[in-house]
Amino acid sequence: MEASPSADAAATVESLADGLRNQRLGSENRVLLRLEDLNWDHSFVHELPGDPRTDPIPRQVLHACYTKISPSAEVENPQLVAWLESVAELLDLDPKEFERPDFPLIFSGASLLVGGLPYAQCYGGHQFGMWAGQLGDGRAITLGELLNSKSERWELQLKGAGRTPYSRFADGLAVLRSSIREFLCSEAMHSLGIPTTRALCLVTTGKYVTRDMFYDGNPKEEPGAIVCRVAQSFLRFGSYQIHAARGKEDLGIVRALADYTIRHHFPHIENMTRSEGLSFSTGEQDESIVDLTSNKYAAWSVEVAERTASLVASWQGVGFTHGVLNTDNMSVLGLTIDYGPFGFLDAFDPSYTPNTTDLPGRRYCFANQPDIGLWNIAQFTSTLMSAELINDKEANYAMERYGTKFMDEYQAIMTRKLGLPKYNKQLISKLLNNMAVDKVDYTNFFRLLSNIKADPTIPQDELLTPLKAVLLDIGKERKESWISWVQSYIQELAASGISDEERKASMNSVNPKYVLRNYLCQSAIDAAEQGDFGVVRRILKIMERPYDEQPGMEKYARLPPAWAYRPGVCMLSCSS
């Protein structure tokens, strides 16, 4: 006998209830740990060569990937002022641990983290295109490396925890200003869906730090702070470069570090077999073949190149400018790392740089980021070549893959941002040109664009109505240019056959309403320096849902106020 519709419905409800019960049981069965019970692993220290010395005296650290060093920042009644339970969850850490009286002491480095094995990493890098030699963790100290219940590897790192051998002439400390910026932006980027390091918590040290913010000979005291960064690895391009630069004696370390990285962070490459058939023609006259299955280092270099290309494309999509794309600030995992003088575009300006140090040449401006990513990949592959891990054809292929991956990703992102059925180079180029000429707000424009209807019969004098909030003070000639573009755009939309409602929902899922504009950071910093951390927490909460409307929060999507253009707010060289 067939079941009645009501019986089917009852069965469906019952199965849903069972599913929810099992979900709850699953989350309840997950073991949440105290700090003392974290599952430490410390593979980096155990498997790679280290510095025999453990003192913080500045020096060249030779033949080593790290120096064991303990945090040494002075603290006086440190306070936990912001934290993220979602990041604690990655570590299997019980959120109740944030309530511990000794939590601020542990995450300011004043008390030992049981089971930890602190160290500072040795690396070098090209800064502004010039080889800078040894750099290293000058004020970052990794507390240790753990494995969670999913066998995911996570490193905990304190930024601003005191001197290391890599501090050179600096004090190894960080100020509240830069710590808030890193804490907020790493989480804002994560919520935008962009690969990034994370932040577990922000602790004030109770001490003051002297900084010359504008490098103008007028230093001042600022509150000190420490942010605990979390990532699966903090390895950078410069981690490999430093050993290759030191000559034949250290080339073995490049290989050992590459082996370590592939083993722990790219295990699928370690397990690759020839049967997977990853062979590619280089397209050269001799039709050389690059067989990625016969050389794991070649396969790895290609994946690093593609991850980097994908990362940079995602930055371009949301209007993010990193500001300091030196090779020591490039993650080998394709993460956004080292938040210094970053900035999201307000008015669309391809030459925008948030870094005052970069103003003369604008090497790291918004429009240059894709090319700089490729330049950095060239340095990385050159390092692998010098260690004889890959040959020149394999290096060239990795760079070729960077270019292909970037264009594929960028075109797909821009197509989605406009809600188009397929990529239209002419339409998108004309749009970006119009935006640059009229200095249109990047974030707000794309968010409002979803309000345009695919209706070719809309009267000409009404075409720009959905965009009036961002097309400010444009004259007759510019208005005509925008009307012409909107007409072409509507023709494309009408041909797609997608409903206005469906397209709007799709566009709003890739065009954020809220990004961490510099003036929002500054408002959080100004309040925090007066002891009010409520603004930090409020902005953090808003940035956790950047694609949602969030009624009542509209003021956080506004254009920068006049005060935001004062020195030190939207242009930061970030003496931090």
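**Exercise 1.** Work out whether the crossing of helix 7 and helix 9 is left-handed or right-handed, and which residues make the contact.

*Solution.* Start with the handedness: helix 7 and helix 9 cross in a left-handed way (the near helix is turned anticlockwise from the far one by less than a right angle; clockwise would be right-handed). Helices here are DSSP runs of H or I with at least four residues, numbered from the N terminus. Next, list the contact residues (contact means heavy atoms within 4.5 Å). Helix 7 brings R255, A258, D259, T261, I262 and H265, while helix 9 brings K296, Y297, W300 and R307.

This is a predicted model, where local features need pLDDT of at least 70, side-chain atom pairs count only at pLDDT 80 or more, and totals for chains, interfaces and linings use all residues. Residues are numbered from 1 along each chain as its sequence is written, and side-chain values use heavy atoms, leaving out hydrogens and water.

**Exercise 2.** Find the angle at which helix 7 and helix 9 pack.

*Solution.* First, locate them: helix 7 covers residues 251-265 and helix 9 covers residues 296-318. Their packing angle is about 70°, and the axes lie 11 Å apart (axes are lines fitted to C-alpha atoms, for helices over the stretch in contact, with angles from 0 to 180 degrees between N-to-C directions). Therefore the two helices are roughly perpendicular (65 to 115 degrees; under 35 is roughly parallel, over 145 roughly antiparallel, the rest oblique).

**Exercise 3.** Say what percentage of the protein's residues count as buried.

*Solution.* Out of 576 residues, 54% are buried (under 20% relative accessible area, with a 1.4 Å probe and protein chains only).

Technical notes:
Buried means under 20% relative accessible area, exposed over 50%, partly exposed in between (1.4 Å probe, protein chains only).
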